[in-house]
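Visitor: Please show me the structure, and then take me through what can be read from it.

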Amino acid sequence: TIASDNIPDREKHILGQTWQITQEQSLFYYEDGQDVTTFSFPNHKPDFLDEIDKELLSQGIEICGSDKNKERLFDFFETKNEALARSTASTNNENNENEQVIANLPPMIQGPEIFQITIN
């Protein structure tokens, strides 16, 4: 199933729930007393960013700097905590910097550990 980016978040959530697996379908190992239902909450109804009150959305955008900062907006909407929303930004910046460093590492060269070299 392919979902368009312009469908409402609630519909994406409903679509995602159709992918819920059963214990028989799971490929994971579970600790004693756990199974697939330990990590499944089918009755949970999340908040959706595209359904947030317009006034709160404006306040969130003012704090977060843009409506593109979805992690920050979500943190603010859920907690109403400006400091948390701002700390999410610094975490995102740090993660972006780490991604750039990782992308710039030298390649791993694999091959034999011993080389036989003949000169002349």
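Guide: Buried stands for under 20% relative accessible area, exposed for over 50%, and partly exposed for in between (1.4 Å probe, protein chains only). The model is predicted, so to speak of local features a pLDDT of at least 70 is needed, side-chain atom pairs count only at pLDDT 80 or more, and totals for chains, interfaces and linings use all residues. Residues are numbered from 1 along each chain as its sequence is written, and side-chain values use heavy atoms, with hydrogens and water left out.

Visitor: Is Arg10 buried, partly exposed or exposed?
Guide: The relative accessibility of Arg10 is 37%. Buried needs under 20% and exposed over 50%. Arg10 therefore counts as partly exposed.

Visitor: Which side chain meets Arg10 in a salt bridge?
Guide: A salt bridge is a side-chain nitrogen of Lys or Arg within 4 Å of a carboxyl oxygen of Asp or Glu. For Arg10 the N to O distance is 2.7 Å. The pair links distant parts of the chain, 41 residues apart, with Arg10 in helix 1 and its partner in the loop between helix 1 and helix 2; helices (H or I, at least four residues) are DSSP runs numbered from the N terminus. The partner is Glu51.

Visitor: How many salt bridges does a search of the whole structure find?
Guide: Glu51 and Arg10 form one of them. Lys12 forms a salt bridge with Asp9, the closest N and O atoms being 3.9 Å apart. The search of the whole structure finds two.

Visitor: Why are Lys12 and Asp9 separated by about one helical turn?
Guide: Both residues belong to helix 1. Lys12 is partly exposed at 32%, and Asp9 is partly exposed at 25%. The separation is about one helical turn because the two are three residues apart in helix 1.

Visitor: Which helix gives the most to the lining of the largest pocket?
Guide: A pocket is found on a 1 Å grid over the protein atoms alone, as an open set of points where a 1.4 Å probe fits, with protein on both sides within 12 Å along at least five of seven lines; lining residues have an atom within 4 Å of a point. The largest pocket holds about 220 Å³, a volume being the space filled by probe spheres set on points joined across faces, edges and corners. Helix 1 (9-17), helix 2 (54-64) and helix 3 (70-79) each give two or more residues to the lining. With three residues, the most comes from helix 3.

Visitor: How are the rings of Tyr30 and Phe39 arranged?
Guide: Rings of Phe, Tyr and Trp (its six-membered ring) pair if their centres lie within 6.5 Å; planes under 30 degrees apart count as stacked, over 60 as edge-to-face and the rest as tilted. By this rule there are two aromatic pairs. Tyr30 and Phe39 form an aromatic pair with 6.2 Å centre to centre and 25 degrees between the planes, and the arrangement is stacked.

Visitor: Where is Lys80 placed?
Guide: Lys80 has a positive phi of about 60 degrees although it is not a glycine. Its relative accessible area is 49%, so Lys80 is partly exposed. The place of Lys80 is the loop between helix 3 and helix 4.
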